[in-house]
Number of protein chains: 2
Amino acid sequence: MPRKIVIIGAHAAGCDAAAAARKTDRTAEITMLTTQRVAGYSPCGIPFVLGGHIKSFDDLVVFPRSYFEMMKIDLRLETTATSINPEAKTVEIQDKTGKTETLQYDTLIIATGAKPFVPPIKGREKQGVYTLRTIDDGMKIDQAIKSSSSAVVVGAGLIGLEIGVSFVERGLKTTVVELLPQVLPAMLDKDMADIVQKGLEEKGLRIITGHGVDEILGGEKVSGVSVAGEQIPTDFVVVATGVRGNTELAQKAGIALGETRLIKVNMRMETNIKDIYACGDCVESISLITKRPTVSQLGTTAVRQAKVAGTNAAGGYAIFPGVIGAAVTKLFDMEIGAVGLTEFFAKRNGIETVSVTFTGKTRAQYYPGALPLRIKLVAEKETERLIGAQIIGGEGVAQRINALSFAILKEMTIRELAKAETCYAPPVNETWDPMVLAAQTLLRRLK
Amino acid sequence: MPRKIVIIGAHAAGCDAAAAARKTDRTAEITMLTTQRVAGYSPCGIPFVLGGHIKSFDDLVVFPRSYFEMMKIDLRLETTATSINPEAKTVEIQDKTGKTETLQYDTLIIATGAKPFVPPIKGREKQGVYTLRTIDDGMKIDQAIKSSSSAVVVGAGLIGLEIGVSFVERGLKTTVVELLPQVLPAMLDKDMADIVQKGLEEKGLRIITGHGVDEILGGEKVSGVSVAGEQIPTDFVVVATGVRGNTELAQKAGIALGETRLIKVNMRMETNIKDIYACGDCVESISLITKRPTVSQLGTTAVRQAKVAGTNAAGGYAIFPGVIGAAVTKLFDMEIGAVGLTEFFAKRNGIETVSVTFTGKTRAQYYPGALPLRIKLVAEKETERLIGAQIIGGEGVAQRINALSFAILKEMTIRELAKAETCYAPPVNETWDPMVLAAQTLLRRLK
């Protein structure tokens, strides 16, 4: 009898889990469900479609229908898993016509993702209030842009700013409102965030920090928002105040959540119930730095967890040791990246830190097109180990974040980084890379 | 009595040694000599001036005269050190007028660099045969370009190709001739080198590999070269067949050379003679991978060694543990980088290797401007450790080389790299970075 694998979710986590399962077991019967109309696309690309950089939402589909056919994966679109019965090893599903079916599984992978969290702002039920998670959400917002001249984005996290920038690129008068005193609060310390904010403001994006939206104004349809006593007229509103993991289905089946209120898994991505695995935005991760549970709702985390879950669910063996937290984005011409802990989060985790900020160039100073690169390094004082980095620059940010991710993974000390070897050619970097120079400066503070 | 430090050489190594010495000892009397007319410039930039990317040779001066004045460094231009007397702790010098002087030192730093090596090709004494090392060499070649329509470069190493590309960019019909069967033999394995060669040929650079120049033809002045029976007409020739360390002065003073025929130093950059340090292209390095002596005549090695030599010569304490060998260049729009050992050199060092090549993209596949990225990883079979990498791509090569340099430094295994965390955003990279995907592919071969 071939092994029956059911995967709930068909996006980053679900698709990579299916691919790994198929590689591990060529004969397994793999069934994959999604509530959505389209499977296997990259949601991270949606803001860049809105901004006009990518031509069409269709371009975001990374796994086309033909892929699932070739891999012999039974993909059920617009289908909801309504309950899991761990004793019988079944999943109840319902398609868009209302038809129900009971799927038998040997192993089950929960990759239900997350949904936007909308805080209880007065007026949030009005027409013209959107959230952005799916291609369908993106298409609605794209329509709204076409008939609008102004917009408000609530939340200045990664997605909020990417959306805000796309609106400016489409010619809308745009305001981003953030309750916390800085942009990108999960990613950057305030000193670095202020540089990003200034850069965005110079390009025409209005940003209000330290104030929430008190009310969404208008009749049936949005006409403005009220922020700190100011009424800001707007044609529509996008709420981008973070996401919450889709854990209800798992909870109903008796699957345990962790202290972050996401599904708790071990290193093999197994839940507390035998033969049920979980991966992606709905699961809790372990920080490789603090060794404690953490929330890492990144696409890169999802696919890496999925590879492990899919391999194990198909009878293989793989482990996912945890996350460092490496993220990057591009806002206008500015690349912004971070890895590990910010100084703020390190302190909140009780870690005594020493940090430094340093400004270098992306090419030899005499080479045309050399752009400034601002880098912040955070070290644990006791061990002198690098535990976090933040970089803002015109180019070369993502791969420097990767270099420092490798450094953190391998427990590199600031002393080692200060002596580390980097390559050099005038058109592509400086003789001493700013990462190394920053470490040299930080080393003097550690002495 | 202030400490007297004499530094022979005033380029990458000399200047960084002086800077480190000054930081370590604010009151030292620092004297620095160079045989050249200009000090403190970046020779790595010369091909990019020739190619028209950098406006002027003057732009290459990283340490202007005012810097040496501010740092209270007594800089003697066009001055030659003719002998060292280690017993008396003196250096005999002679300026361009023939005037001699005896400098007393407490510590001496030899940073004499290297000079081009010209093989005994028949006709190499003719007018119109150049080498490229100094700004003055660059200016002569720049003049030659202006009055020429064709050129031949002998040698397809990093400098040879950079020069060849600059000639094409300036409109010359250019041929590069390489005796070995591939371009960039010190940096790439043949499979990767062939990709570079093809890319350069597509841009109009003619490349002949596997044949040397048998004769430089012409009367008093060059008129062509003879290669494998073919006569190639040319207006001038640049010989770029590598460099030899300037070790004669040190040898005369009884300073020992290592097995690579470069000056032997310990981790503090001390020679076998007390109070005499050496750094830069004239010294032998230790490979952090093979733990054996190696030649690492790179600008980045020079400045890192110089920082250590300068610190120690001024009474501080610093060590230079060795080199990994990270290099990069940009030829037309192609970035080419390498770190660690090639498969060829690893085998020559008796290391059993497993390797892989992998082609990915520099951005999300659906993001406009995504360019191919070809990556080769070399692992030591026994330990499964990464020991080398080669990358060719349209962007993001240098920082990936740095990331893999950090990985090699920290003895990362292919298994660890296959699970390593990288950041992701559609405009700047893929969800799975090609480095990680290459490691995943290689891992399957190690099993």
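Trainee: Which residues does Leu377(A) touch, not counting residues up to four places away in sequence?

Mentor: Bear in mind that this is a predicted model, where local features need pLDDT of at least 70, side-chain atom pairs count only at pLDDT 80 or more, and totals for chains, interfaces and linings use all residues. Residues are numbered from 1 along each chain as its sequence is written, chains are lettered from A and ligands numbered from 1 in the order in which they are written, and side-chain values use heavy atoms, with hydrogens and water left out.

Setting aside residues up to four places away, Leu377(A) touches Val354(A), Ser355(A), Val356(A), Leu386(A), Gly388(A), Ala389(A), Leu404(A), Leu417(A), Met435(A), Ala438(A), Ala439(A) and Leu442(A); contact here means heavy atoms within 4.5 Å. Leu377(A) also stands out in the largest nonpolar core, which has 88 residues: together with Leu404(A), Leu377(B) and Leu404(B), it touches the most other members. Such a core is a set of buried Ala, Val, Leu, Ile, Met, Phe, Trp, Tyr and Cys residues joined through side-chain atoms within 4.5 Å, buried being under 20% relative accessible area with a 1.4 Å probe, protein chains only.

Now over to chain B. Arg363(B) sits in the loop between strands S23 (353-361) and S24 (372-380), strands being DSSP runs of E, at least two residues, and helices runs of H or I, at least four, numbered from the N terminus. Arg363(B) counts as buried because its relative accessible area is 18%. Its side chain makes a 2.9 Å polar contact with that of Glu395(B) and reaches the backbone oxygen of Pro368(B) at 3.0 Å. A polar contact is a pair of N or O atoms within 3.5 Å; within protein, one must be able to donate a hydrogen and the other to accept it, and residues adjacent in sequence count only if both atoms are side-chain atoms. Its contacts beyond four places in sequence include Pro426(B), Pro427(B) and Val428(B).

Cys282(B) is in another loop, between strands S18 (276-278) and S19 (285-286) of chain B. It is buried, because its relative accessibility is 0%.

Notes. Buried < 20%, exposed > 50% of the residue type's maximum accessible area, 1.4 Å probe, protein only.
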